[in-house]
Amino acid sequence: MAGWDEIIKELGETPSQIDYVRRKYLKELSDYTGRVSIAYYSAFTNKDASNLDINDDDMEGFMNALKDVDYDKGLDLLLHTPGGNPTAAEAIVNYLKEKFNKDIRAIVPQIAMSAGTMVACSARQIIMGRQSSLGPIDPQFTGIPAHNIRQEFEEAKDDLSKHPENVHYWAIKLQQYPAAFMKTAIDAIELSDELIRTWLSDVMFKDTPERIDEAVDFLTDHKSSKVHARHYRYKECRDHGLDIVLMEDDPVLQDKILSVHHSFLVTFQSSDAIKIISNSSGKDFIIKGGAMIV
């Protein structure tokens, strides 16, 4: 069976210079580590477009990236993403863990937020630089934190129990939310908590379950983070129990990771690509303004 990339090659498409450079650096990283390298990159830091988030469409890209690779080598997953749908992240994580027998390291050259942080926490180890950031995993609904929605309903309940005369105020204030929205928000909060606990206990904290609570509380504490876009540096993540490896500890590894990172960012700046899923064997899955190219 021919894959997407093989069909494109049959059609005679010649890779551009930037494609060649990006693939070269990803292969050099894989050659140095002796592991399969897959990069999941979104142009969210310099472009405003749809489909920049983690969603179910990404599975096709990961299926393409895993075709004909040696699963016994283990996986280094490079992440640059604003986050997205936790259930889509769950499907991707389950797929990768099964294929690579849970031997996955997450590499965050710059930013992996929200559901991207959740994916990173499904790995046995997270490699970060001094410039890298993870973020809170509190669910959002059109930019509104689910924790805020729950808190507002709880405030209304408490206030009305003491001051029933405020019923009209709360009726107007809460009518912005559709029916059963409170339950939806609570379900989203509980799902994020459940997924992160399951993934941490399954791999990173398999032998140290006592570390799970501190890490989960750190990542899900909306009162502490204040805003969903809060950036957590390697030291904060390490201090709260996550298994963080500083890429600066291996200057050669650092150079190869950042070469990959910069080549992807240059690709976004010099083309209309908005998302790329690539492997170290030269397979690319590129979304350009809604169109997929492999």
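Guide: Let's start with a pairing: lysine 275 has isoleucine 287 in S11 as its bridge partner. This is a predicted model, so local features need pLDDT of at least 70 and side-chain atom pairs count only at pLDDT 80 or more, while totals for chains, interfaces and linings use all residues. Residues are numbered from 1 along each chain as its sequence is written, and side-chain values use heavy atoms, with hydrogens and water left out.

Strand S10 (residues 273-279) runs antiparallel to S11, and five bridges pair the two.

S11 itself covers residues 284-288, and four of its five residues are buried, so the rest of the structure largely encloses it. Buried here means under 20% relative accessible area, exposed over 50%, and partly exposed in between (1.4 Å probe, protein chains only). Aspartate 284 is buried, at 2% relative accessible area.

The side chain of aspartate 284 also meets that of arginine 23 in a salt bridge (2.6 Å, N to O). That pair ties together distant parts of the chain, with arginine 23 in helix H2 (residues 17-33) and aspartate 284 in S11, 261 residues apart. A salt bridge is a side-chain nitrogen of Lys or Arg within 4 Å of a carboxyl oxygen of Asp or Glu. Arginine 23 is partly exposed, at 25%.

Conventions:
Two strands pair if DSSP finds at least two bridges between them.
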